[in-house]
Structure formats: structure tokens, C-alpha cells
Amino acid sequence: MGTDVAFSAKLVRQASPTETSAVSAEVARKCNALIAKNFPPRQPGNPAAGSAKGNGQAERDDFKRCVDNEGNVDDDADKDKK
């Protein structure tokens, strides 16, 4: 029985991720501000009304991209200028 427990513990250690990175509060705030700017609410003050631009998946994708780039994402206005 002792070897079964040791084997199970080894499997758990191997299955668990070894590296995890937490999003800093500063990056999360910056990305939230960019998402709020790029995806304004359909009805101000009513988050259940949805976004006037895009959908929930697009918002999540943009937020993930922003976090992956540590808050350095071009705005739509910057893209139009290029």
C-alpha cells in the first residue's frame, strides 16, 4: 500500500503545472480599461445588456492578448493611423 501512495503522489506532482504566472494588478487594471474603451456597453450602467461592439468572446480574446503582452496593446485609433 505504501508504494501505491508514493506512486499516486508522483503522478500528481507530474500532472500539476510547474510554472504559473499571476497577472499583476497594474496589468489587469490597464487591460480592463482598454477593454472598457474598446467594447463600450450597449446600455450604460447595465452590464447585462452586452457590448455595443463585438461579443463576449472577442472581449475575452482581447483581454487575454493584452495580458499576454503585459498591457501593451495597440488601440483601434493607433491601428487606423498606420
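**Close-up views of a predicted model**

**View 1. Ser51 in its loop.** Ser51 sits in the loop that runs between helix 2 and helix 3. Keep in mind that this is a predicted model.

**View 2. Who touches Ser51.** Skip the residues up to four places away in sequence, and Ser51 still touches Phe39, Pro40, Pro41, Arg42 and Glu59.

**View 3. The largest nonpolar core.** Six residues make up this core: Val27, Cys31, Leu34, Cys66, Val67 and Val73. Helix 2 is the top contributor, giving 3 residues.

**View 4. Zooming in on Cys66.** Cys66, one of the core residues, is in contact with Cys31, Leu34, Gly71, Asn72 and Val73, once neighbours within four places in sequence are set aside. Among those partners, Cys31, Leu34 and Val73 belong to the core too.

**View 5. How confident is the prediction, element by element?** Helix 3 (residues 56-68) comes out on top among the elements of the protein chain, with a mean pLDDT of 93. At the other end is helix 4 (residues 76-81), which has the lowest mean, 46. For the protein chain as a whole, the mean pLDDT is 75, and 63% of the residues reach 70 or more.

Key
Residues are numbered from 1 along each chain as its sequence is written. This is a predicted model: local features need pLDDT of at least 70, side-chain atom pairs count only at pLDDT 80 or more; totals for chains, interfaces and linings use all residues. Side-chain values use heavy atoms; hydrogens and water are left out. pLDDT is the predictor's confidence in each residue, from 0 to 100. Helices (H or I, at least four residues) and strands (E, at least two) are DSSP runs, numbered from the N terminus. A nonpolar core is a set of buried Ala, Val, Leu, Ile, Met, Phe, Trp, Tyr and Cys residues joined through side-chain atoms within 4.5 Å. Buried means under 20% relative accessible area, exposed over 50%, partly exposed in between (1.4 Å probe, protein chains only). Contact means heavy atoms within 4.5 Å.
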